[in-house]
Amino acid sequence: MTRQHVTTEINGEPQDFLCDAQETLLDVLRDELHLTGTKEGCSSGDCGACSVMVDGRLVCACLLFGVEAEGKKIETIEGMAEGDKLHPLQTKFLEEAALQCGFCTPGFLVAAKALLDRNNNPTETEVRYWLAGNLCRCTGYDKIVRAVMDVAADMRGA
Amino acid sequence: MEYKAPSSIDEAVMLLAQANGKAHVLAGGTDLLVQIRAGFTKPTLVVDVKNILELRTISVADDGVCIGAAVTGAELGEHDAVKAAWPGLVEATELIGSTQIQGRASLGGNLCNASPAADTVPALVAASAICLIAGPNGQREAPVEQIVTGPGQTSLKNSEFVVQFQLPKKLPRSADAYLRFIPRTEMDIAVVGAGVNLTLDKKGICQQARVALGAVAPTVLLVEAGAKALIGSTLDDAALDKLRAAASAACNPIDDKRGTVEFRVDVAGVLAKRAVLIAKQRAEMN
């Protein structure tokens, strides 16, 4: 079967790729483009480890085909820091030890950024519901939620 | 497997017709991709309908609201006019999955996936929503309650697909509501769902009612005896007790670890009653 040619923008840069119709965006990101920061957890949209932004919407990369990305703007964890300068969420996750094994962390960071980009004054309940699609089996969530709340407070103070 | 993303309804119908039943319609993909990956379905062609304008548009007019079948939950939840007119439908939609799922999942997919536990379907049925369906013989309309015929089964014919949902004109002093029971607070599948839509007169007497239940039978149930119990009443305790009994009597649920038959039957009555009280409060305010 011929592979389909797909034209996208990934983290602000034009990016073409070839993929089979049944390959997910997650397959393409990891195996074709070697953007392995986006993790494969459940592959069924339950764990959020593969969270990315597609045209400004938070989605699971395992739940869309790579070919569906045609003409779309994709943002992954690799685009979050500016060079060596970490995003405030990344810094705060480190400072407050909001991770242990780190596997879920890229997904949490992408999802938390999506929340704070639209609402820099969320309640704890809003943070917990927004992040309900991201599973972490290490931390018990408290440190993650606290880190997100603290970044939101810093953003409002700035 | 091949993938096509046509930009018109006619083109999509043609592609589906050529595939002789081996094609699958793709909207948000939150169910379909999981099913393909698990090998439950092996389409030779996937027709992505998200590039078709009619399926991606919400339009609000004097005679009602039209919601494209591939509009996402997130888009619906951000639409103030739909939220104001049909809060029950929007709350049913927003209960589905996570933020990530909301970014993709659609009403058309939720209906055509044909799960007995689909949250938006009781809300759509309660709202008297009509599906506009495209197919090789042109377009036709059908009430939402006629689409699903059993778990995973629909009445849609080969190469037909749902284009949009038409919600009727919102009458004064009317409102809808949706409640579901799950064993946790978020990210779960309905054990019971109840959708209600009511119209009151100026004295608070119920003029019209629709009661629909999910996850308590192979398909979503339109409980006409429940509506009958409400119409003509002030939604007093006696009417609510009758509604509760009618809702429970209509159930024919499965028995599993998430909810026994006895539990689902009882909760269906409780949720129907609570949904009526929410809809009543909303109706009194508009």
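1. A word on what you are looking at. This is a predicted model, in which local features need pLDDT of at least 70 and side-chain atom pairs count only at pLDDT 80 or more, while totals for chains, interfaces and linings use all residues. Residues are numbered from 1 along each chain as its sequence is written, and chains are lettered from A and ligands numbered from 1 in the order in which they are written.

2. Domain 1 of chain B brings 25 residues to the contact and domain 2 of chain B brings 26 residues; two residues are in contact if their C-beta atoms, placed from the backbone, lie within 7 Å. On the side of domain 1 of chain B that touches domain 2 of chain B, at least two residues each come from helix 6 (87–94), helix 9 (120–126) and strand 8 (148–150) of chain B. Helices (H or I, at least four residues) and strands (E, at least two) are DSSP runs, numbered from the N terminus. That side of domain 1 of chain B divides into 16 nonpolar, 6 polar and 3 charged residues, where Ala, Val, Leu, Ile, Met, Phe, Trp, Tyr, Cys and Pro count as nonpolar, Asp, Glu, Lys and Arg as charged, and the others, Gly among them, as polar.

3. Do look at Leu213(B). Not counting residues up to four places away in sequence, Leu213(B) touches residues including Pro122(B), Gly193(B), Val220(B), Ala268(B) and Ala272(B).

4. Now to chain A, which has 5 helices and 5 strands. From the N terminus on, the elements of chain A run β-β-α-β-β-β-α-α-α-α. Along its principal axes, the C-alpha trace of chain A spans about 50 × 30 × 25 Å.

5. Chain A is also assigned two domains: domain 1 (4–79) and domain 2 (88–157). Their C-alpha centres lie 22 Å apart. In chain A, 12 residues of domain 1 are in contact with 11 residues of domain 2. Strand 3 (residues 51–54) of chain A gives the largest share of the side of domain 1 of chain A that touches domain 2 of chain A, 3 residues. That side of domain 1 of chain A divides into 7 nonpolar, 4 polar and 1 charged.

Technical notes. Domain bounds come from an automatic or database domain assignment.
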